[in-house]
Amino acid sequence: MGKRRLALCAGVLTVTAFGPAACAAYAADGGDVSVVPAAPAPGADIALRVTGCDAREAVAQSPALVSDARLTPDDGDSLAGDGRVRSTVTAGTYTVTVACDGTEHKGTVEVVRKQAPAAGAEPSAHPSPVAPVNAGGGGAARVFADGRERHGPGAAQTVVALALAGTAALTVHRAARRQARRGRGTG
């Protein structure tokens, strides 16, 4: 019963989390062509998909895109590709057209205006890194950034290691003594 509840809850959570985004993407496409995200800002990367096209390749065109987007077969029965919204395009709804085997498939993309930060507001992220990057050296950059080097284990680690080693040695010694007694009694 516990596994069924867990599976049910996971399914409900997945539909709740991803359902609105998928519905928004398909609600805004207006045809066989879908655009994700459905409402990108100027300069954003988008994913394009067309269904009902039997060709091995197609091209998506739109005045909102920087250039034509090449669509190729994806895992399913559709063609997919990536594009970029022009950084100079104004907010509005633009048609996306895919020519495929002499048939025109249409969809739409709604470009939204970028939100400008409030006057005098500080940026939420630093413009450049403020801490060392954990790359190579097993994270040693963070240790050396503190300005102090650490050599070997501390006192607590040493005590624990000695206790474990002593326990292991005692266990091996007792096992050897038991083995020796069994050997003397059977001979």
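Is Cys-53 buried or exposed? I looked it up: Cys-53 is buried, at 7% relative accessible area (buried is under 20%, exposed over 50%, partly exposed in between, with a 1.4 Å probe and protein chains only). Cys-100 is buried too, at 3%.

A note on what I'm reading: this is a predicted model, where local features need pLDDT of at least 70, side-chain atom pairs count only at pLDDT 80 or more, and totals for chains, interfaces and linings use all residues. Residues are numbered from 1 along each chain as its sequence is written, and side-chain values use heavy atoms, with hydrogens and water left out.

Next, the disulfide (a pair of cysteine sulfur atoms within 2.5 Å). I get one: Cys-53 with Cys-100, sulfurs 1.5 Å apart. The link is right-handed, with 90° about the S-S bond. Cys-53 sits in the loop between strand 2 (45–51) and strand 3 (58–61) and Cys-100 in strand 6, so the pair ties together parts 47 residues apart in sequence.

Then the sheet. Strands here are DSSP runs of E, at least two residues, numbered from the N terminus, and two of them pair if DSSP finds at least two bridges between them. I read an open sheet of seven strands, ordered 1-2-5-4-3-6-7, with antiparallel pairing. Strand 1 (33–36) and strand 7 (103–111) are at the edges with a single partner strand each, so one side of each has no neighbour in the sheet.

Last, I checked strand 6 (residues 92–100) against strand 7: they run antiparallel, joined by nine bridges. Ala-99 is opposite Glu-104 of strand 7.

Note on methods
Helix = DSSP H or I, 4+ residues; strand = E, 2+ residues; numbered from the N terminus.
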